[in-house]
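Here are a few notes from my read-through, meant to be followed with the structure open. Have a look first, then go through the points.

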Amino acid sequence: MAHPIAPLLRADIPGAERLVAQAGWNQVAADWELFIELGAGFKVVGDDGTVIATAAILPSSASFGWISMVLVDTAHRRRGLATQLLQACIEKLQAQQRVPALDATPAGREVYRPLGFRDGWAITRWRAARALVAPQEGAHAVKGAHAQNGAYEVRPLRDEDWPAVRALDAPAFGGDRGTLLARLASRSREFACVAVSRGRVEGFLLGRDGRSATQLGPIVATNEDCACALLAHALTHVEGPVLVDALARHEAFARQLTAAGFAVERGYTRMALGGEGDFGDDNVLIAIAGPELG
Ligand SMILES: CC(C)(COP(=O)(O)OP(=O)(O)OC[C@H]1O[C@@H](n2cnc3c(N)ncnc32)[C@H](O)[C@@H]1OP(=O)(O)O)[C@@H](O)C(=O)NCCC(=O)NCCS
């Protein structure tokens, strides 16, 4: 029997957070608020009113939208709940003329493939219990607000950097997501930074707090050296566990993560249902914001 799917409201956030903790995911209440404000959340409740399954959508760009937070209580799995929620998300996005896209865990990929989703980029999740600031080739490791890392001056993000940051991000991600980036900047004030070379912003790094770790991302940079310089800067300002979801193809960046004490935790696959596959530029998108945001 089909379970009714209802909108996820602010009052449901504690119930949704229970599913996040059960799955060992990293999102906090601010993430659910973001979905409710900028997109929409969905839930299925059990007989006793408990939230037993969730999903969320975000209008990522004019042409595509993100599906995420597909979580089913362990006691209610393999009964079609994820598939039903997925279908509701797909209908909403397609009614908005947006191609549904997502970053799938290996288990999620098994649900999405039968629905017609096709594989795109491979993404690697890296985690460090406590990251180190590893020296970079040609870099002068300077601890503090400003650091000269190789060819780049890396400094905290300033208000006047926004036009350059958005101009770098839009082609990298495949759409203008200025509102989302501003949210992430407000949650990463201690470490949000830009890399400048010859007066031009060549890269930026944002992030956010999480349930079990600080997430660094997105990281957008004109090359991997620039991304490594941004990473080194951020790591001087972050304490405790850190997560980075990097595109698997960036090997120099992966070496820098390893040198900084990160290890691979799992893989994700970027997937889309239909469309032309125009989801940004993997030359300059070094790390995503997170699988739930793209
Ligand atoms: C992945 C998850 C959302 C699936 O939820 P679910 O409600 O059990 O999924 P469904 O019942 O709709 O499954 C539909 C089909 O997907 C496949 N599938 C689902 N879970 C699977 C798994 N763990 N391994 C392999 N195939 C799986 C099966 O083909 C299944 O059909 P079947 O039960 O008739 O064999 C759930 O296991 C979960 O919350 N996992 C932890 C969080 C997570 O990884 N979410 C996905 C994020 S991308």
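**Notes on the ligand site and one asparagine**

1. The shell around the ligand splits into 10 nonpolar, 4 polar and 5 charged residues. Keep in mind that this is a predicted model.

2. Which residues come nearest to the ligand? Among the 19 around it, they are Val70, Val72, Arg78, Gly80 and Thr83.

3. Now the backbone contacts. Valine 70 has a polar backbone atom 2.8 Å from a nitrogen of the ligand. With valine 72, a backbone N or O atom sits 2.9 Å from a ligand oxygen, and for alanine 82 a backbone N or O atom is 3.0 Å from an oxygen of the ligand. On its own the ligand has 890 Å² of accessible area, and the protein covers 72% of that.

4. As for where the ligand is, look in the largest pocket: that is where the ligand sits. Strand 4 (64-72), helix 3 (81-95), strand 5 (99-104) and helix 4 (106-112) each put at least two residues into the shell. Which of the elements gives the most? Helix 4 does, with 5 residues.

5. A separate spot to check is asparagine 26, in the loop between helix 1 (13-23) and helix 2 (29-38). Is asparagine 26 buried or exposed? Its relative accessible area is 8%, so asparagine 26 counts as buried, the cut-off being under 20%. The side chain of asparagine 26 reaches the backbone nitrogen of serine 212 at 2.7 Å.

Methods. Residues numbered from 1 in each chain as written. Predicted model: local features only at pLDDT ≥ 70, side-chain atom pairs only at ≥ 80, totals over all residues. Heavy atoms only, no water. Near = heavy atom within 4 Å. Polar contact = N/O pair within 3.5 Å; in protein donor to acceptor, adjacent residues only side chain to side chain. Areas by Shrake-Rupley, 256 points an atom, 1.4 Å probe, with all protein chains shown as cover. 1 Å grid on protein atoms, 1.4 Å probe; cavity = no way out; pocket = protein on both sides within 12 Å on 5 of 7 lines; lining within 4 Å. Sits in = over half its atoms within 2 Å of the grid points. Helix = DSSP H or I, 4+ residues; strand = E, 2+ residues; numbered from the N terminus. Nonpolar A, V, L, I, M, F, W, Y, C, P; charged D, E, K, R; others polar. Buried < 20%, exposed > 50% of the residue type's maximum accessible area, 1.4 Å probe, protein only.
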